[in-house]
Amino acid sequence: MRKILEVKNLAKYFGDHHVLKDINLTINEGDVVTIIGSSGSGKTTLLRCLNLLNEPDSGHIILNDNDLMDPNTNLDQLRMKIGMVFQSFNLFNNKNVIENCTLAPIKLLKMSKEDANSLALKLLEKVGMKEFAYKKVDTLSGGQKQRVAIARALCMNPQIMLFDEPTSALDPELTGEVLEVMKSLVDEGMTMIIVTHEMQFAKEVSSRIIFMDQGMIVEEGAPNEIFDNPKMERTRAFLK
């Protein structure tokens, strides 16, 4: 298993609040790692530190042997390898669906418009949104927007995908369509780190579960270990 991402002794403060405490984590190619824990446990902050949307205060984030915390690292190059899907979609409402998907490949990967369009249509088809390619974003349902957001992230051909509670803003009936798309990515071997409250989904798709509490990784293991036989009292209390 090739190591893609390694996190060493990561710490993050917001003012005096110590949000992440000495986080250590290794992600190998094809891993599907789900981070669970109550609100305020540091899950989203950890995810946002991994692509430096939140800048850590200390520690190391090593992607393909390059330390993102090293001032000499070409961050823009490395960031392109990390796809991110947000809770609130973060699509550009003034652009249509396909323009949302092609913007970054044209600008950052220097793709021709024609190649970018053809890639976007292929990926929109994969997430069941091809027929909406030329629709305005603000005409879509939440579930449709989130599927477009996944296609948009995939258009950059990332090595690893980060999902920050991708279904928490959705109605229950729309949640299923987004989880189905994520399951298809798991089946294709995409390396993923997922923050979610969808425990059944986490149990089904994850190669590893991480339980966080008060800014620390309290316990990690295979889904059956964590869900059926947690070792730590705090994990047991959370899963109740």
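Modeller: Lys183 and Glu180 are 3 residues apart in helix 6 (residues 172–187), so about one helical turn separates them. They form a salt bridge, with the closest N and O atoms 3.7 Å apart. The model is predicted. Lys183 is partly exposed, at 24% relative accessibility. Glu180 is also partly exposed, at 48%.

Lys203 and Asp228 make another salt bridge, at 3.2 Å from N to O. Lys203 belongs to helix 7 (residues 199–205) and Asp228 to helix 8 (residues 223–228), so the pair ties together parts 25 residues apart in sequence. Lys203 has a relative accessible area of 34% and is partly exposed. Asp228 reaches 51% and counts as exposed, because the cut-off for exposed is over 50%.

Now take Asp31 and Arg208. Their closest N and O atoms are 3.4 Å apart, in a salt bridge. Asp31 sits in the loop between strand 2 (17–28) and strand 3 (32–36), while Arg208 is in strand 9 (residues 208–213), so this pair joins parts that are 177 residues apart in sequence. Asp31 is buried, with a relative accessible area of 9%. Arg208 is buried too, at 17%. Both values fall in the buried class because its limit is under 20%. The pair also belongs to a network of salt bridges that links Asp31, Arg208 and Glu220.

Across the whole structure, the search finds 12 salt bridges.

Terms used
Residues numbered from 1 in each chain as written. Predicted model: local features only at pLDDT ≥ 70, side-chain atom pairs only at ≥ 80, totals over all residues. Heavy atoms only, no water. Salt bridge = Lys/Arg side-chain N within 4 Å of Asp/Glu carboxyl O. Helix = DSSP H or I, 4+ residues; strand = E, 2+ residues; numbered from the N terminus. Buried < 20%, exposed > 50% of the residue type's maximum accessible area, 1.4 Å probe, protein only.
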